[in-house]
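Biologist: Let's go through this one together, and I'll keep asking where the labels come from. Ready when you are.

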Amino acid sequence: AFNLTFGEALSRKTSVKMSGEHATSGSTLQSHEVSYGQRGLADKVLIAGGASAIAGGIYGAIHASWTDVPAVKYGEVAPAVVNSARVIGKYSTLFALTGAIFAATEHTVAEVRGKRDFWSSAAAGCAAGSVFGVQANKLAVGFGGCAAVGAMAAL
């Protein structure tokens with residue numbers, strides 16, 4: 001007899017005949033798992049940008065709680081909330097751009113070269129690290145970010 005659970009069937013990427021009242025005759029259930037490396041450019045950019053935006057929002061919330069908050073008068077909390085939202089938005093946007101640029105560059109370099117290796121990651125890290133120079137409006141920060149993030153990504 002063939003005794004596989006639903007989870008085992010999916011993990012083995014096997015085809016399992018469905019049974020029960022919801023099954024149609026001859027229908028099969030197959031696993032369609034797609035790894036991150038097999039995704040297209042848009043998927044990678046959205047995933048990396050979204051995850052990075054969430055991380056940036058968390059970092060921004062922590063940063064906003066440690067920075068000076070405008071003085072709050074009795075009954076008026078709006079200035080503090082607006083200041084915190086501005087800091088959270090700033091870091092969320094910065095991280096999202098960095099993650100999206102990393103993913104786009106890594107995918108593009110790998111497609112052009114025909115293989116994904118540490119050079120693809122290094123180029124992506126350099127492009128993503130340069131975002132910090134653009135944000136700071138300083139060329140030296142851009143070069144430093146390129147070198148630092150590029151080296152870390154290549155490891």
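Biologist: How many helices and strands does the secondary structure of the protein come to?

Modeller: The protein has 5 helices and 2 strands, in the order α-β-β-α-α-α-α along the sequence. Those are DSSP runs numbered from the N terminus: helices are H or I with at least four residues, strands E with at least two. Bear in mind that this is a predicted model, where local features need pLDDT of at least 70, side-chain atom pairs count only at pLDDT 80 or more, and totals for chains, interfaces and linings use all residues. Residues are numbered from 1 along each chain as its sequence is written, and side-chain values use heavy atoms, with hydrogens and water left out.

Biologist: Why is α3 called roughly antiparallel to α4?

Modeller: Helix α3 (residues 78–113) and helix α4 (residues 118–136) pack at about 150 degrees, their axes 8 Å apart. Angles under 35 degrees count as roughly parallel, over 145 as roughly antiparallel, 65 to 115 as roughly perpendicular and the rest as oblique. So α3 is roughly antiparallel to α4. The angle runs from 0 to 180 degrees between N-to-C directions, with axes fitted to C-alpha atoms over the stretch in contact.

Biologist: And what makes up the contact of α3 with α4, by class?

Modeller: It has 12 nonpolar, 6 polar and 3 charged residues. Ala, Val, Leu, Ile, Met, Phe, Trp, Tyr, Cys and Pro count as nonpolar, Asp, Glu, Lys and Arg as charged, and the others, Gly among them, as polar.

Biologist: What makes Arg 113 partly exposed?

Modeller: Its relative accessibility is 36%. Buried means under 20% relative accessible area, exposed over 50%, partly exposed in between (1.4 Å probe, protein chains only). Therefore Arg 113 counts as partly exposed. Leaving aside neighbours within four places in sequence, Arg 113 is in contact (heavy atoms within 4.5 Å) with Trp 119 and Ser 120.

Biologist: Which residue does the side chain of Arg 113 join through a polar contact of 2.7 Å?

Modeller: Asp 117, side chain to side chain. The cut-off is a pair of N or O atoms within 3.5 Å; within protein, one must be able to donate a hydrogen and the other to accept it, and residues adjacent in sequence count only if both atoms are side-chain atoms.

Biologist: How do you know how α4 runs relative to α5?

Modeller: α4 and helix α5 (residues 139–154) pack at about 150 degrees, with axes 6 Å apart. That makes α4 roughly antiparallel to α5. Their contact has 10 nonpolar, 8 polar and no charged residues.
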